[in-house]
Amino acid sequence: MRKHEIELIAALAEGRLEDETEARALVDSSEGHRSEYEAQKTAFETLHAVPAAQLTEHESAALRRDVWTQLRAEPTQAAAPVPWYYRWTYAAAGLFVVIGLVIVVDQTNPNFAPTALLSSDDSAADSFSATQERASSDDGATDTTESVAGAGADQETADAAEGDVPAVAGLTAPTIDELTDLAGQTRRGELKSFTLGAVSTDQELIDEMTLCVEAAGLSDHDVVGDVEVEHHYIVAAPARSAIGPETPIAFVDADICELAYTDQSG
Amino acid sequence: MTAPAQDALLLARVVEGDHDAFNEIMRAHESRVFSVCLRILGDREKALDATQETFLAAFRKAHQFKGNAAVGTWIYRIAVNTCYDQLRKQKRRPSEPMPEHLDPADQSAQEAVEAAAVRPELRQALDALPPEFRAAVVLSDVEGMSLPDAAETLGVPVGTVKSRVFRGRRLLAKHLGNQMTS
């Protein structure tokens, strides 16, 4: 049976047609069309008669109370222990930013004494002082360029350090750890999907996930699986390339079709 | 002001920390969220849990709402996905169906349960549908959503929803027919 025929039969079953002549003729044309019409009509009328479900006042009040109880309890959960290396990475990134700022300020104000801001036993301050000494002993114009380039390099280092900590909002450190682990499994071809393959190979489900990944702005990605870590995430990797140790693996929140996290490389 | 526009303003206030605004959003959408979840999950207690999860997720993700769809559609989408998650968990950890949970203090509960009850053979037929088909027929035929609205809620093209609704109805009629003959 063709798609437009089924649509016509369904419209007849729902009573949506002003002129039913064509649809009636189609239904009478074969036993298959007749049984399709009967099925559509039976199911539509049965479902249409299902009464609307309502929350009682008590349930409604309990719902709001429970939602707020849980939301108010969340700051405690959010304070879950953060791995030590995260704190150090943030500290290192912060230090690089401060040094970068000091250098930039120094370029614009020759009278500025950056070492006064940094303690003398600070290794970063020492290396900065060394840079200053080298700069002051050489030709100004050239040095300015070198110094700016140095500042850029420092900033790049800072960026790289920040890059180690994925830019994620609303994910707890344990969730990130788990997603990182799952990204590793994906690269090694060891990912066991939560739904795809295990429960369903429904092409429509795969299409649905693909649309969700596209909605998350990853139209150049393929769905490679799905996982559940607190939430349901679709796992996606760049299309048209084999997944290897350096492949970035994206996790899209399946509830809202938003990119939740990208693991850059193993 | 239209309801969707008002919802969008309320959600913006939620992001700014206005809890009353979120209460208003819950009041406006809780019944339909619950109804959708009840028809998909088939169990009042699970539907209440899913409704709660839906609003928790909506609150947590309020700042991510981009306004591409109506707030209601966005919330129903979260609800359907929450129900899918529950069904998946159920499949992994099958459990005995829970009895209808009634709070003795809630005298209207029995009435509400009875008013919302569906024939057992219809419940069984709905349960037999794949979750994606079940959600499509619930939104379209039980909740009376238009196909474009159902498509937006499910996050799939209209053609896909049509296909799921028609195929879902066919399967449902088959199950109902089988139950009647057996």
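Among contacts in chain A (heavy atoms within 4.5 Å) between residues at least 6 apart in sequence, 48% join residues at least 24 apart. In chain B, residues 24 or more positions apart account for 67% of the contacts with a separation of 6 or more. The model is predicted, so local features need pLDDT of at least 70 and side-chain atom pairs count only at pLDDT 80 or more, while totals for chains, interfaces and linings use all residues. Residues are numbered from 1 along each chain as its sequence is written, chains are lettered from A in the order in which they are written, and side-chain values use heavy atoms, with hydrogens and water left out.

## The two chains

Helices and strands are taken from DSSP runs numbered from the N terminus (helices are H or I with at least four residues, strands are E with at least two). Chain A has 9 helices and 4 strands. Along its sequence the pattern is α-α-α-α-α-α-α-α-α-β-β-β-β. Chain B has 9 helices and 0 strands, and from the N terminus its elements run α-α-α-α-α-α-α-α-α.

Residues are sorted by relative accessible area: buried means under 20%, exposed over 50%, and partly exposed in between, using a 1.4 Å probe and protein chains only. Of the 266 residues in chain A, 40% are buried. Of the 182 residues in chain B, 51% are buried. Accessible areas come from the Shrake-Rupley method with a 1.4 Å probe, and for residues only the protein chains shown count as cover. The accessible surface of chain A comes to about 14700 Å², with 53% supplied by carbon and sulfur atoms. For chain B the value is about 8200 Å², of which carbon and sulfur atoms again give 53%.

## The interface

How many residues of chain B are in contact with chain A? There are 65 of them, and they meet 47 residues of chain A. The buried area between the chains is about 5200 Å², and carbon and sulfur atoms give 57% of it. Buried area here is the accessible area (1.4 Å probe) that two parts lose on being put together, summed over both. In chain B, Arg88(B), Phe166(B) and Arg169(B) lose the most area to chain A, together 12% of what that side buries.

Across the interface, 16 residue pairs are in polar contact, with both residues at pLDDT 80 or more. A polar contact is a pair of N or O atoms within 3.5 Å; within protein, one must be able to donate a hydrogen and the other to accept it, and residues adjacent in sequence count only if both atoms are side-chain atoms. Elements that give two or more residues to the chain B side include α2 (19-41), α4 (71-92) and α9 (158-181) of chain B. The residues of that side divide into 29 nonpolar, 12 polar and 24 charged. In this grouping, Ala, Val, Leu, Ile, Met, Phe, Trp, Tyr, Cys and Pro count as nonpolar, Asp, Glu, Lys and Arg as charged, and the others, Gly among them, as polar.

Glu30(B) lies in helix α2 of chain B. Is Glu30(B) buried or exposed? Glu30(B) is buried, with a relative accessible area of 5%. Leaving out residues up to four places away in sequence, Glu30(B) touches Leu55(A), Ser60(A), Leu63(A), Arg64(A), Thr51(B) and Phe55(B).

## Salt bridges

Side chains of opposite charge can pair when their charged atoms come close. The rule used here asks for a side-chain nitrogen of Lys or Arg within 4 Å of a carboxyl oxygen of Asp or Glu. By this rule there are 21 salt bridges over all chains, and the count between chain B and chain A is 7.

| Residue pair | N to O distance |
|---|---|
| Glu36(A) and Arg170(B) | 2.8 Å |
| Arg44(B) and Glu59(A) | 2.9 Å |
| Asp18(B) and Arg13(B) | 2.9 Å |
| Arg65(A) and Asp66(A) | 3.4 Å |

The salt bridge of Glu36(A) and Arg170(B) crosses between chains, from helix α3 (residues 31-48) of chain A to helix α9 of chain B. Glu36(A) is buried at 6% relative accessible area, whereas Arg170(B) is partly exposed at 32%.

In the pair of Arg65(A) and Asp66(A), Arg65(A) is exposed at 52% and Asp66(A) is partly exposed at 28%. In the salt bridge of Asp18(B) and Arg13(B), Asp18(B) is partly exposed at 24%, and Arg13(B) is partly exposed at 34%. Salt bridges that share partners also join Glu14(A), Arg16(A), Asp141(B) and Arg169(B) into one network.
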